[in-house]
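Subject: A structure for you to look at

Dear colleague,

I am handing over the structure we spoke of, and below it you will find my notes. Please read them with the model open beside you.

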Amino acid sequence: MADSRNKLDVHDLKPVIDDVLQLRCEPLPVVRMAFVGLGKRGKQSFQHFLYIDGVEVKALCDIYSSNLDEMQKLLQNFNKAQADLYVQPEDWKSVCERDDIDLIYICTDRSKHAEIAVYAMKNNKHVAIEVPAANTLEECWELVNTAEQTRKHCIMLENCCYDYDELALLNLSRSGFFGEIVHVEGAYIHDLRFLDFENKAHYLDLWKMNGNPYPTHGLGPLCQLLGIHRGDKLQSIVSVSSGQFNYPEKYDADNSSLTLGNINTSIIKTYKGKTIVLQHDVSSPRPYTRNYLLSGSRAYAEKRNELRIAVSENPSVYLSADETAMLMAENEHCFYKQKGELARKVGAHGGMDFIMDYRLIYCLQNGLPLDMDVYDAVEWSCVVDLSARSVVGGSAAIEFPDFTRGRWDKLRKLEFFQ
Ligand SMILES: NC(=O)c1ccc[n+]([C@@H]2O[C@H](COP(=O)([O-])OP(=O)(O)OC[C@H]3O[C@@H](n4cnc5c(N)ncnc54)[C@H](O)[C@@H]3O)[C@@H](O)[C@H]2O)c1
């Protein structure tokens, strides 16, 4: 028998302090917010909060004053108090240091997400961070360590977890409809060539990355289905990238300015033996899809462009469109029952973005654990780093860190607190 005494078991790694699983904080009847980064995404999200009661916008921060003025005008149009404006590149620090703010909402480009979030938590603020929350393993650990030390909420704004179909399918899976979920697939396939990567600073950064630089839209809902760090955990990843055939003259996988291939495919295995296929492609002429697929022991679902479901009694035939729609309606998630109408009216992406922001404020107001925690943020974001390491290593298998330090089976399932 092998001597295991020298083998480091992850369960031996005691957290320096307690974990922040299902963290509860003081209820905040009025959530006082600051926004850092008000570009395309920040402006879109900012507008949701004009429709949510019990929110005060205290500060707006961007390095372009035109962005600030636009949002200030919106506050005025909605008869809300004016916010203080911050325009210098380092002003986000002063925003974080204020003592009349509860939540910093971070929508800068990805290079500053973790840095601002860590600084904000150290200044006693909850943080909501756009995707991906972090770019490297080091940043991931910094977010976890800081959230644990400061006992502040750190949520990544993964809006796809609030998609109507993804939530209904999550409901359906909990009813046992799919049996044991064995395999899932997801993707970010979005033809972004029109964004002219070469001329926009942070999109150029994206092109200089390798592996899967934007994994969380596909991976988030899949991890919720599989109960990651709620009874299972991500174990290892292998990743392979195609060459770059749309910009061959600029592409040099080994060494150069542009290293992002057309299509990256990763396969992730969980501790309990489930598999996840995850893809990334922003430079091929293809329709947008997150290529959702769920294969269970009793039923199957896929959402490429339309949602299709098959059951084990008749596996070679998909349910009809009417049967599928009825199943979805029967399993409509309570978030959509509560706020679907308003969400579709004021929020982007079919309402899921508004539902996410509404839930964030609702949980903070009521002192409830948030729907997604810091461990979700880093488990999904660390694929940026791990997939690149795998590709560079010839598609070598790379182990996931256990960011919960052995607490991945302390919770039995994902809970949405009401
Ligand atoms: N969840 C989604 O569906 C979704 C969609 C689009 C973008 N995003 C994410 O949102 C983030 C922003 O993307 P975008 O498309 O809005 O980019 P953008 O370039 O339009 O906006 C980024 C903003 O950050 C500001 N900024 C940069 N440095 C700053 C600093 N030091 N202080 C204050 N402001 C600063 C910029 O001036 C800019 O206005 C990215 O991380 C992206 O990945 C998410």
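How many residues of domain 1 are in contact with domain 2, and how many residues of domain 2 take part? Please keep in mind that this is a predicted model. The answer is that 20 residues of domain 1 are in contact with 18 residues of domain 2. On the side of domain 1 that touches domain 2, H5 gives the largest share, with 5 residues, and by class this side has 14 nonpolar, 3 polar and 3 charged residues. As for the bounds, domain 1 covers 18-158, while domain 2 is made up of 160-334 + 374-399, and the centres of the two domains, taken over C-alpha atoms, are separated by 27 Å.

Lys-152 counts as buried because 24 other C-beta atoms lie within 10 Å, where the cut-off for buried is 20 or more. If neighbours within four places in sequence are left aside, Lys-152 is in contact with Met-121, Asn-124, Lys-125, His-126, Val-127 and Ala-147. Of these, Asn-124 is 28 residues away from Lys-152 in sequence, yet their C-alpha atoms are 7.0 Å apart in space.

Lastly, there is the ligand, which has 24 residues around it, with Gly-37, Gly-39, Lys-40, Arg-41 and Glu-130 coming nearest. Helix H1 (residues 40-48) gives the most to this shell, namely 3 residues, and by class the shell has 10 nonpolar, 7 polar and 7 charged residues.

With best wishes

Terms used. Residues are numbered from 1 along each chain as its sequence is written. This is a predicted model: local features need pLDDT of at least 70, side-chain atom pairs count only at pLDDT 80 or more; totals for chains, interfaces and linings use all residues. A residue is near a molecule or strand if its C-beta atom, placed from the backbone, lies within 6 Å of it. Helices (H or I, at least four residues) and strands (E, at least two) are DSSP runs, numbered from the N terminus. Ala, Val, Leu, Ile, Met, Phe, Trp, Tyr, Cys and Pro count as nonpolar, Asp, Glu, Lys and Arg as charged, and the others, Gly among them, as polar. A residue is buried if 20 or more other C-beta atoms lie within 10 Å of its own, exposed if 12 or fewer, and partly exposed in between; C-beta atoms are placed from the backbone. Two residues are in contact if their C-beta atoms, placed from the backbone, lie within 7 Å. Domain bounds come from an automatic or database domain assignment.
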